[in-house]
Amino acid sequence: IKAMVFNLGYLPGGDKAHTTQQASTLDALQQAFGLLMPGGILSIIAYTGHPGGRDEAEAVRQWATTLTRADTEVVIPASEKNNAPEWIRINKQ
């Protein structure tokens with residue numbers, strides 16, 4: 001797989017009571033990273049403005065830092081706004 005996109009939080013226009021959950025998100029990300037081919041990109045947008053969103057984003061950032069090694073580049077741009085979505089990009093070399 002060359003590219004995967006994760007959109008964390010809740011479905012826009014959907015029931016805001018149903019959100020992604022930290023444990024299943026981390027499991028899915030780990031599996032997705034394993035399927036990614038060299039040169040592939042894993043893009044994650046984490047919405048933090050809902051209950052649990054900030055904790056989930058932090059857990060994803062922590063997980064991403066464990067991938068940092070010779071064959072992986074992790075990019076986490078700084079956000080300038082409160083409750084702005086966070087973008088994490090992982091390039092598998």
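These legends describe close-up views of a predicted model.

**View 1. The sheet has four strands.**
In this view, 4 strands make up an open sheet, and their order is β1-β2-β4-β3. The pairing within the sheet is mixed. At the edges stand β1 (3–8) and β3 (72–75), and each has a single partner strand, so one side of each is left without a neighbour in the sheet. From one strand to the next, the twist averages 10°.

**View 2. Strand pairs run in parallel and antiparallel directions.**
Strands of a sheet pair through backbone hydrogen bonds, in either a parallel or an antiparallel way. β1 and β2 pair in the parallel sense, over 6 bridges. Within this pair, Asn-7 has Ile-45 in β2 as its bridge partner. β3 and β4 (residues 86–92) run antiparallel and are joined by 4 bridges. Here the bridge partner of Thr-72 is Lys-92, in β4.

**View 3. The side chains of β1 alternate between two faces.**
Met-4, Phe-6 and Leu-8 point to one face of β1 and are buried.

**View 4. Ser-43 sits in strand β2.**
Ser-43 is part of β2. With a relative accessible area of 14%, Ser-43 falls under the 20% limit and is therefore buried. Apart from neighbours within four places in sequence, the contacts of Ser-43 are Met-4, Val-5, Phe-6, Trp-87 and Ile-88.

Helix α2 (residues 53–66) lies across β1, β2, β3 and β4, and runs at about 20° to β4.

**View 5. Helices α1 and α2 pack against each other.**
Two packed helices are described by the angle between their axes and the distance between the axes. For α1 and α2 the angle is about 30°, and the axes are 10 Å apart. This angle makes α1 roughly parallel to α2. The crossing of α1 past α2 is right-handed. On the α1 side, Gln-22, Thr-25, Leu-26, Leu-29, Gln-30 and Phe-33 take part, and they meet Asp-55, Glu-56, Ala-59, Val-60 and Trp-63 in α2.

**View 6. Leu-29 is a buried residue of helix α1.**
Leu-29 lies in α1. The relative accessibility of Leu-29 is 0%, so this residue counts as buried. Leaving aside neighbours within four places in sequence, Leu-29 is in contact with Phe-6, Leu-42, Ile-44, Val-60 and Trp-63. Met-4 and Leu-29 are 25 residues apart in sequence, and their C-alpha atoms are 9.6 Å apart in space.

**View 7. The largest nonpolar core has 17 residues.**
Phe-6, Leu-29, Phe-33, Leu-42, Ile-44, Trp-63 and Ile-90 are the residues with the most contacts inside this core. The elements that give two or more residues to the core are β1, α1, β2, α2 and β4. The largest share, 4 residues, comes from α2.

Key
Residues numbered from 1 in each chain as written. Predicted model: local features only at pLDDT ≥ 70, side-chain atom pairs only at ≥ 80, totals over all residues. Heavy atoms only, no water. Pairing = 2+ DSSP bridges. Axes fitted to C-alpha atoms, helices over the stretch in contact; angles between N-to-C directions. Contact = heavy atoms within 4.5 Å. Core = buried A, V, L, I, M, F, W, Y, C linked by side-chain atoms within 4.5 Å. Buried < 20%, exposed > 50% of the residue type's maximum accessible area, 1.4 Å probe, protein only. Parallel < 35°, antiparallel > 145°, perpendicular 65-115°, else oblique. Left-handed = near helix turned anticlockwise from the far one by under 90°.
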